[in-house]
Amino acid sequence: MTDRTPSEGADVCIVGAGPAGALAAHRLAEEGHDVVILEAGERFDFEDRQRRMERAIRPAHGPLSVWEMGGERDRFSSAGEWFYPLNAARVKGVGGTTLHWQGMVMRFHEEDFASWPIDYDDLRPYYAEAERALGVAGAADNPYAPPRDEPYPLPAFPPSYSDSIFAEACERLGVTMHSVPNARNSEGYDDRSACVGYGTCKPVCPSGAKYSADHHVEKAEESGVRVVTRAPVQRLEHDDAGERVTAAVYATPDGETHRQAAREFVLAAGGVEIPRLLLLSKSEEYPDGLANSSGAVGRYFMDHLFAGSGGTLDTETRQNHVGFITSECHQFYDDPTRGTEGSAGGVPEWSGEKEEPKPDSIKLEFLNYAGPSPVEMALTGEEFGDDLLDTLREGYGNSIAMGGLVGQRPRKENRITLDSSTTDDHGNPVPEIHWRVDARTKSSLRRANEIQHRILDELGVDVSWTVGPESTGPAFHHMGTTRMGSNSEESVVNAQLRTHDLANLSVASSSVFRTSGALNPTLTIAALSLKMADHVDERL
Amino acid sequence: MELTRRDALAALAAGGVAVGTGALLEGNPFADGRGASSTDAAPEERMASLLAVAEVVYPTELSGVEEFVRTYALGRVEERPDYREGMVEALDTLDEYSKSWFDDDFRALDAETRATLLDQMGVDTASPAPEGADADRVRYYLVNELLYALYSSPTGGKLVGIENPQGHPGGATSYQRGPREGGDSR
C-alpha cells in the first residue's frame with residue numbers, strides 16, 4: 001500500500017510536481033536537503049503513453065481524457081467577460097502541464113523585465129541552466145533574441161519544407177525567419193531518445209523526446225526526494241506570529257488528512273491553484289488570504305492569446321509530419337508597429353487609428369501542422385472505402401498557416417477568486433476566473449493578423465480562416481497571480497521569489513510574472529525556479 | 001498499393017502494443033474470446049466478418065489486407081480481453097442487424113449490401129463510443145479500429161500523400177523533404 005503519511009524532518013515541502021517543483025526539488029536535494037513534494041494528481045506510467053496518444057487521435061475520447069483532467073477534482077467557475085476553459089489548460093499529475101505542452105522555450109527579451117525587480121542579466125545564468133536541464137534544441141540565428149554566451153545544448157531542428165515556402169515570401173517582404181528553441185531532443189540527450197516524429201507532441205509525446213517534468217521528478221527521487229501523489233493540499237498553516245508557515249495540510253485518497261511540516265515551503269502548483277491555495281488558507285492574521293497583505297493574490301491574471309491565419313496553396317505543403325514548429329519570427333516583438341522593406345514592398349507600418357491603443361509584443365510562428373491530419377479526418381469522416389480516400393486526398397496536402405502569440409498587460413480586474421457556491425471533491429470552494437480581453441490586446445491581435453495576411457498574400461495563399469480579436473482564445477499560460485515586486489504593498493513575492501509576508505514561503509511559477517510578454521513562459525518558469533531554489537538553499 | 005506486416009506492426013505501435021519485428025503473429029484474434037456459446041459465430045467466422053468490414057471501409061486499391069488486419073487485430077487484443085470482447089460484441093451486433101434486414105450474416109453479404117447496411121445503421125454518421133449505442137460501438141470497435149490502423153501506418157499514409165502520418169514514428173526527416181523527394185506515391 002502506498003505510504004502517504006508525512007515525511008519527518010523535511011527541510012523543504014514543495015506543492016506541485018510540474019516543471020517548477022521538479023527542478024527546485026532536484027536542485028535542493030542535490031544540495032543535500034530533505035525534500036518532499038505533495039502532488040494533487042497521480043503518476044502516469046510512461047508505458048501508457050502510446051495508448052494516451054491513441055486517445056488524442058481517436059475521436060471517441062475527449063481531449064481531457066488524455067491526461068485525466070476534469071471532474072469533481074477540477075471544478076471551476078468562469079465569471080469573466082470571456083469564458084476561460086481552465087480544464088483544457090493544465091494537467092494535474094507528476095510532470096504537470098509539461099505532459100501536454102508544445103515545448104517551445106524562449107528566453108524573455110530584455111525589455112520584458114522593465115517593470116520587474118530583477119532584470120535579464122539576473123536571470124541569464126539560470127536561463128542557461130534551464131536550457132541544459134530541459135535539453136533545448138536551438139540555434140543562435142535569432143537577431144532579435146537577447147544576448148547569450150553559450151550554445152544551446154542540442155542543435156536546432158532543421159527548418160521544414162513548408163518553412164522554405166514561407167522563406168521566399170518573407171525574403172521579398174524583408175521579414176526575418178529564424179529557428180525555434182524546442183525542449184525536444186534533436187538527438188539523444190539525458191537518457192531520452194531523439195524525436196521520432198509521432199506528430200502528436202501536444203497533447204502527448206510517446207517517445208519521451210519532448211521534455212516533460214516527470215523526467216526531473218525521477219532525477220529528484222534518485223537524489224532522495226519523496227513524492228506523495230494524489231495528495232491535494234487543502235490549506236497552509238502558520239505560526240502564531242503569522243511569520244512562518246508551519247505545515248501543509250493535505251488529503252489522501254483514503255479520506256485521511258495529514259500535516260506536512262517543513263522548514264521551508266515552496267508553492268509550484270501553477271498560476272491558478274497557487275493563489276487559490278493562498279486564498280483558502282486565510283486566517284485571523286491574514287483574513288484576505290495567506291501572504292495577501294498586498295491584496296494582490298489572485299490579481300493581475302494574464303494569458304497569451306493566439307492569433308493566426310491560414311488557407312491553401314496550389315502546391316503541396318507537407319504538413320503534419322511532426323507536431324512541432326521549426327521557424328518563427330521575433331521581428332515584431334520589441335516594436336510591433338514597425339514596417340519592413342523588401343523587394344516586394346514589405347509589411348506596412350501599423351494601421352491603427354488614433355483612438356486605438358498601440359499594440360504590444362507579437363511573436364509569429366510558421367506552422368508545420370496546418371490543415372487536417374488524414375488519420376483524424378478518416379476517423380470523423382462520413383464516407384468509407386474509395387469515397388473516403390478521395391475525400392482525404394482532396395482535403396490533405398496543400399494547407400498552410402501561420403500562428404502567433406500576443407500578451408496581456410497586468411490588470412487588477414483580471415483575477416482568480418474563490419467561488420464558494422461550488423465546491424470540489426474535498427468541499428473546497430473552486431477557483432473562479434475573471435478574465436477579459438481588453439482593447440490593447442485586441443490591437444495586438446489585429447496587428448498580428450495584419451502581418452500574417454501580408455505574408456500569406458505575398459505567398460499567394462487562398463486565405464480561408466483567421467483567428468483574431470473577436471474569435472481568439474487563451475494559450476493556457478497562467479501568469480501574474482502572485483506577482484513579484486520590491487514594494488510589499490502591491491506585490492506578493494520579492495525578487496528572491498519569497499513572499500513578503502512569510503519568511504519561509506516561496507513561489508515558483510509564472511504566477512510571479514509581472515508582465516506577460518508574448519513568449520512561451522516555461523523556460524522563464526524553469527529559470528526562476530532554479531533561482532528560487534538557490535535562495536531557499538541559502539536560508540537552510 | 002500493398003499493406004505489409006511492417007504496416008501492421010507500425011499500426012500496433014501507434015496503439016501502444018509493443019511487438020518485436022521478429023514476433024510471429026499468427027492465429028485468430030477471436031479464438032479465445034469470452035462469451036462464446038453454441039449460437040455465437042466461430043472464431044474464423046468473426047475474423048471473416050472483420051475482414052468484410054475492412055472490405056467496405058478500405059479503398060479498393062489496397063492489397064495485403066487480410067494479413068494486415070489479422071496481424072493487427074491479433075496484436076491489438078492479445079493482452080486486452082475487454083477490448084476483444086468489445087470487438088466480438090460489435091461483430092455480433094452487425095450480424096444481428098444483417099440477419100434482421102438481409103436474412104444473412106454480415107460476412108455473407110456482398111460488398112455493396114454491407115455498405116448499405118452500415119449506412120442504414122447510421123455507422124457513417126455515428127459518434128464512436130465504446131459504451132455507446134449499436135452504431136456507435138460498431139463505429140468505435142470495427143470501423144474506426146480499422147481506419148486508425150490503416151491511416152496511421154506508412155502505407156496508409158502514402159495512399160493520402162503523407163509517408164509519416166500522425167501516430168507513426170517515421171522519424172524527423174520526412175518533414176524536411178519536399179514533394180519530389182517526399183515519396184508522394186499517389
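**Figure 1. A negative surface patch on chain A.** Seven acidic residues make up this patch: Glu110(A), Glu111(A), Asp119(A), Asp122(A), Asp334(A), Asp335(A) and Glu349(A). Patch residues have over 30% relative accessible area and no salt bridge, and like charges are joined within 9 Å. Asp and Glu count as negative, Lys and Arg as positive, while His and the chain ends are not counted. Each charge is placed at NZ of Lys, CZ of Arg, CG of Asp or CD of Glu. Accessible areas come from the Shrake-Rupley method with a 1.4 Å probe, and for residues only the protein chains shown count as cover.

The model is predicted: local features need pLDDT of at least 70, side-chain atom pairs count only at pLDDT 80 or more, and totals for chains, interfaces and linings use all residues. Residues are numbered from 1 along each chain as its sequence is written, chains are lettered from A and ligands numbered from 1 in the order in which they are written, and side-chain values use heavy atoms, with hydrogens and water left out.

Figure 2. Where does Glu111(A) lie in chain A? Glu111(A) is in the loop between β3 (77-78) and α3 (120-134). Helices (H or I, at least four residues) and strands (E, at least two) are DSSP runs, numbered from the N terminus. Is Glu111(A) buried or exposed? Glu111(A) counts as exposed, because its relative accessibility is 58%. The cut-offs are under 20% relative accessible area for buried, over 50% for exposed, and partly exposed in between (1.4 Å probe, protein chains only).

Figure 3. The whole structure holds 21 aromatic pairs over all chains. Trp82(A) and Trp435(A) form an edge-to-face pair, with 5.8 Å centre to centre and 85 degrees between the planes. Trp82(A) sits in the loop between β3 and α3 of chain A, and Trp435(A) in the loop between β18 (429-434) and α9 (439-459) of chain A, so the pair ties together parts that are 353 residues apart in sequence. Trp82(A) is buried at 15% relative accessible area. Trp435(A) is also buried, at 1%. Rings of Phe, Tyr and Trp (its six-membered ring) pair if their centres lie within 6.5 Å; planes under 30 degrees apart count as stacked, over 60 as edge-to-face and the rest as tilted.

Figure 4. Tyr120(A) and Tyr127(A) form a tilted pair, 5.9 Å centre to centre, with 35 degrees between the planes. Tyr120(A) is buried, at 2% relative accessible area. Tyr127(A) is buried too, at 0%.

Figure 5. Side chains of opposite charge can pair when their charged atoms come close. A salt bridge is a side-chain nitrogen of Lys or Arg within 4 Å of a carboxyl oxygen of Asp or Glu. The search finds 53 salt bridges over all chains. Glu72(A) bridges to Arg75(A), with the closest N and O atoms 3.8 Å apart. Glu72(A) is partly exposed at 47% relative accessibility, and Arg75(A) is partly exposed at 35% relative accessible area.

Arg124(A) and Asp149(A) form another salt bridge, the closest N and O atoms being 2.9 Å apart. Arg124(A) is in helix α3 of chain A and Asp149(A) in the loop between β4 (137-138) and β5 (154-155) of chain A, so this pair ties together parts that are 25 residues apart in sequence. Asp149(A) is exposed, at 62% relative accessible area.

Figure 6. Arg514(A) forms a salt bridge with Glu490(A), and the closest N and O atoms are 3.1 Å apart. Arg514(A) counts as buried at 11% relative accessibility. Glu490(A) counts as partly exposed at 23%. Salt bridges that share partners join Arg73(A), Asp74(A), Arg90(A), Lys92(A), Glu273(A), Arg276(A) and Asp424(A) into one network.

**Figure 7. The helices of chain B and Leu62(B).** Chain B has eight helices and zero strands. Of its 186 residues, 59% count as buried. Leu62(B) lies in the loop between α2 (43-57) and α3 (65-77) of chain B. Leu62(B) is buried, with 9% relative accessible area.

Methods:
Patch = residues over 30% accessible without salt bridge, like charges linked within 9 Å, V, L, I, M, F, W, Y side chains within 5 Å.
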